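Subject: Structure handover

Hello,

Here is the structure for you to look over. My notes follow below it.

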Amino acid sequence: MSSIPHFLNPANAAIAAAIAMPLLLLLYFLKLRRREQDVSSTLLWRKAIQDLQVNAPFQRLRRNLLLLLQLLLLALLCLALARPVSNYKPGAGKFTVILIDRSASMSVVEADYSNRTRLEEAKRRANELVDSMTRQDMATVIAFDDSAENVQTFTADAVRLRQAINSIKQTDRRTALKLAYLLASAQATFPEAQLRANQVPDVFLYSDGRVTDGNELSLKGNLHYDHVGTAKLNNIGVVALSAKRNYERPDEVEIFARLANFGSEPVEADVQLFVDDHERATAAGPDACYLYPESWNDDERQAELAKNKRPPKDSIEFPKIIITQAAVVRLEQMHKEGDALAADDSASVIVPQPKTLSVLFVSEGNFFLNRALESLDLKHPDSMRPEEYESKKPSAYDVILFDRYKPTYLPPAGNLVYIGVVPDNLKMHAVRTMEGAPPTDSNPPVLDKDLTILDWKRDHPILRGLQLGKVYIGESYKLRVPLEDEVLIEGTQGPLVVLERQEHLNYLVIAFDVQQSNWPLKPSFPHFMYSMLQYLAIGSDMDVRESYPPGSTPRIPRSQLLNVDPNLQEIRMTGPMGEKRLKIPETGDFVLPALDKVGVYTLDPPIPRFEKIAVNLLDLNESNLQPADAPGSIDGKGDAMEGGNKKRLELWWWIVACAALPLLMIEWWVYTRRVHL
């Protein structure tokens, strides 16, 4: 179905017609200059007399077929110069892949779509595409956000295709196309008829195009991008949120957030802070955020500053919020008028109850480690000698540290730290003088001498913010580390600190005696000890619980499930996605299903570190609701459809090929035959 044609260059065509057509008429008015010649009779010169009459200036034009044809030809050429175009709706091809975006930005309600969401509009257009299929055509349906799901494999059944399209549910996840394109390319190889015809499929993409991986896309197929959404929407989003306990006063929590304005005008946005749904603080008036549009350049920002004398303020800080127990902290921007996306209006963090760790230190005596543990203000910094530990067999500790001692007894679950010794029951092991032979006095482990720290995992919670570049070590065990273990600190001759996880126990091995290094004299050492103990006992950041992006699947170690109840078989999860009862596998860790909606999820019974789980969008790209002109670069051929499921058809070459050229041939024939009306 085609729309009414319109013109892209009407002004150019009008100028050309205003010049060319008067010039053509003027040529027919011009009088030819002829040489006078005496003749004996004019009987045979009547034709010449007629020519003289025709070329006489200001003489009335006679009916002339040649002039009529030439004027018509000029009119057609000027019409082609105006570039007439028509938008038409392409139908489905013989093999069609339908890609439908279900990410957070597709939840926006559009007034231009009769108050439907972008996803609902995409479904409507996809159903129209299915209606255009013939009985021989086949199609497949793929829903995507930052993942991709094949909702319906290739089929010619229009009913099943419509059911698949209508079954696609909205998520709050980010948008990425790479997996969707890979799945589309894989699905395109299934139909045998297509393989026999060696024909690439038509890929119809229904999305607002706000993808994060536009430069990584590759597609085998003819892409038809049908962008969904308008560019007139405003949105203010929370794009960053962090919380941190005060080390000296653990009941004080500092909250920091950043907001962004994706509208076209500056906006003042009040911000409210809630603790367990009770309002605790507000930033309004002069303390509120004043947000310049993200689309503004430096010149526009400077002009606004000179005009209103109010600098932008996109961040907010609440420095002293007293939280004495576990709580859900939610920050919300309150400028809701004209705000199109609700998923980024708030963000939450889970603040655990202030906890002082229970730690057991097993050693014959170590001055530096004793001083470090004393400085951390731990709840139970108990110490035992190795023989006392073996006789009591303790297990009620968050972390047990073994200093240069390999125990024979191990608790059934927990966190163990080995310092200056490498146990024999791990996948990693100390390299020995004779590899493969049993460890004996005649087969001692290999020791590397005079080491320095070469590199460390700066983004790991244990090592975050530490500087370890000038730590010197006298000697260290040479470690053989499997790929599944995590090397935290690397020395000049091999791994120095390694984390290994087993089914019920976590092991951290420090392969050198800290007394044979200058590390205890560095400020980073007590910081490392505290971060290490917090990480092993709590399992994530030492300040607050980790928040997750939409679509995450948090993994709960089996050791934590056993600590709650060794016979636990089911967990009840409640939150924005409703209530779900989840079966616990008999072996291995427990993985939660994808958390596709923003908000707070609660587990029952509560699992340490996972009592509550916060899911936040916090994404600049997804909060920007302006549709993209193209969803990134592609390898396959394709086009962008305009006006909602339509693409442009240029008509000028049809005018030239089907009208102007045949008319030119007729004009040439008339001219050579000198035909007159």
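First, a definition: patches are made of residues with over 30% relative accessible area and no salt bridge, with like charges joined within 9 Å and nonpolar side chains (Val, Leu, Ile, Met, Phe, Trp, Tyr) within 5 Å. A salt bridge is a side-chain nitrogen of Lys or Arg within 4 Å of a carboxyl oxygen of Asp or Glu. Accessible areas come from the Shrake-Rupley method with a 1.4 Å probe, and for residues only the protein chains shown count as cover.

This is a predicted model: local features need pLDDT of at least 70, side-chain atom pairs count only at pLDDT 80 or more, and totals for chains, interfaces and linings use all residues. Residues are numbered from 1 along each chain as its sequence is written, and side-chain values use heavy atoms, leaving out hydrogens and water.

**The surface patch**

Ile15, Ile19 and Leu23 form a nonpolar patch on the surface. Together they have about 300 Å² of accessible area. Leucine 23 lies in helix α1 (residues 10-29). Its relative accessible area is 49%, so leucine 23 counts as partly exposed (buried is under 20%, exposed over 50%, partly exposed in between; 1.4 Å probe, protein chains only).

**The whole chain**

The chain has 14 helices and 37 strands (DSSP runs numbered from the N terminus: helices are H or I, at least four residues; strands are E, at least two). Of its 677 residues, 46% are buried. The accessible surface comes to about 34700 Å². Carbon and sulfur atoms hold 53% of that surface.

**Arginine 210 and glutamate 622**

Arginine 210 sits in the loop between β8 (202-207) and β9 (222-227). Glutamate 622 is in helix α13 (residues 620-623). The contacts of arginine 210 include Glu622 and Thr175 (contact means heavy atoms within 4.5 Å).

Arginine 210 is buried yet has no salt bridge. Its nearest side chain of opposite charge is aspartate 208, 6.2 Å away (Lys and Arg count as positive, Asp and Glu as negative; His and the chain ends are not counted). Glutamate 622 is also buried without a salt bridge. For glutamate 622, the nearest opposite charge is the side chain of arginine 174, at 6.9 Å.

A polar atom of the arginine 210 side chain lies 3.3 Å from the backbone oxygen of glutamine 626. The side chains of glutamate 622 and threonine 175 are joined by a polar contact of 2.9 Å (a pair of N or O atoms within 3.5 Å; within protein, one must be able to donate a hydrogen and the other to accept it, and residues adjacent in sequence count only if both atoms are side-chain atoms).

Best wishes

Note on methods. Lists of a residue's contacts leave out its neighbours within four places in sequence.
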